[in-house]
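Hi there,

Here is the structure I said I would pass on. Have a look at it first, and then read my notes below.

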Amino acid sequence: QVQVVESGGGLVQAGGSLRLSCAGSGLSLSNYAMGWFRQAPGKEREFVAAISWIGGSRMYADSAKGRFTISRDNGNSVYLQMNSLKPEDTAVYYCAAAPILASTTRQYRYWGQGTQVTVSS
């Protein structure tokens with residue numbers, strides 16, 4: 001069974017940091033560009049960051065620039081380091097795999113179940 005699994009979410013105070021992780025099960029993430037998206041209650045799922053399959057190219061939403069960093073290791077994991085968190089960052093965060101570097105949901109083929117990030121003021 002092909003799965004993408006996120007972990008690392010939780011409750012943090014504003015200004016704090018969290019590191020989200022994403023791993024593949026039955027799926028080699030090293031063959032895909034990887035992205036992070038988030039969805040807050042009552043809102044559409046939105047792009048946060050993406051990294052190419054080699055890791056040489058990265059894309060960020062304006063809301064993430066300067067605060068979030070996407071990275072990947074040589075194995076089967078992708079990370080999202082989130083610093084200076086704000087209450088408006090509260091959402092379910094999803095990891096997804098795509099054939100090419102992209103920022104739209106329709107281009108992603110495999111999705112995880114999401115991990116909740118809550119930032120208190």
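**The disulfide**

The link of Cys-22 and Cys-95 is left-handed, with -80° about the S-S bond. It ties together distant parts of the chain: Cys-22 sits in strand E3 (residues 18–25) and Cys-95 in strand E9, 73 residues apart. The S to S distance of this disulfide is 2.0 Å. Are the two partners buried or exposed? Both Cys-22 and Cys-95 are buried.

**The overall picture**

Before you go further, please keep in mind that this is a predicted model. What is the chain built from? You will find 11 strands and 0 helices in the protein, so if you read along from the N terminus, the elements simply go β-β-β-β-β-β-β-β-β-β-β. The radius of gyration is 13 Å, close to the 14 Å that the globule rule gives for 121 residues, so the protein is as compact as a globular protein of that length. Taken along the principal axes, the box filled by its C-alpha atoms is roughly 40 × 30 × 25 Å.

How much of the protein is tucked away from the surface? Of its 121 residues, 40% count as buried, and the two cysteines above are among the buried ones. As for contacts between residues at least 6 apart in sequence, 57% of them join residues at least 24 apart.

**Surface and charge**

The accessible surface of the protein is about 6,200 Å², and carbon and sulfur atoms account for 46% of that. On the charge side, there are 11 positive and 7 negative side chains. The centres of those two sets lie 5 Å apart.

**One residue to look at**

Which loop holds Ser-84? Ser-84 lies between strand E8 (77–82) and strand E9 (91–98), and strand E9 is also where Cys-95 is found. The phi of Ser-84 is near 50°, a positive value in a residue other than glycine. Ser-84 has 42% relative accessibility, so it counts as partly exposed.

Best wishes

Key:
Residues numbered from 1 in each chain as written. Predicted model: local features only at pLDDT ≥ 70, side-chain atom pairs only at ≥ 80, totals over all residues. Heavy atoms only, no water. Helix = DSSP H or I, 4+ residues; strand = E, 2+ residues; numbered from the N terminus. Rg over C-alpha atoms; globule rule 2.2 N^0.38 Å. Buried < 20%, exposed > 50% of the residue type's maximum accessible area, 1.4 Å probe, protein only. Contact = heavy atoms within 4.5 Å. Areas by Shrake-Rupley, 256 points an atom, 1.4 Å probe, with all protein chains shown as cover. Lys, Arg positive; Asp, Glu negative; His and termini not counted. Charge placed at Lys NZ, Arg CZ, Asp CG, Glu CD. Disulfide = S-S within 2.5 Å.
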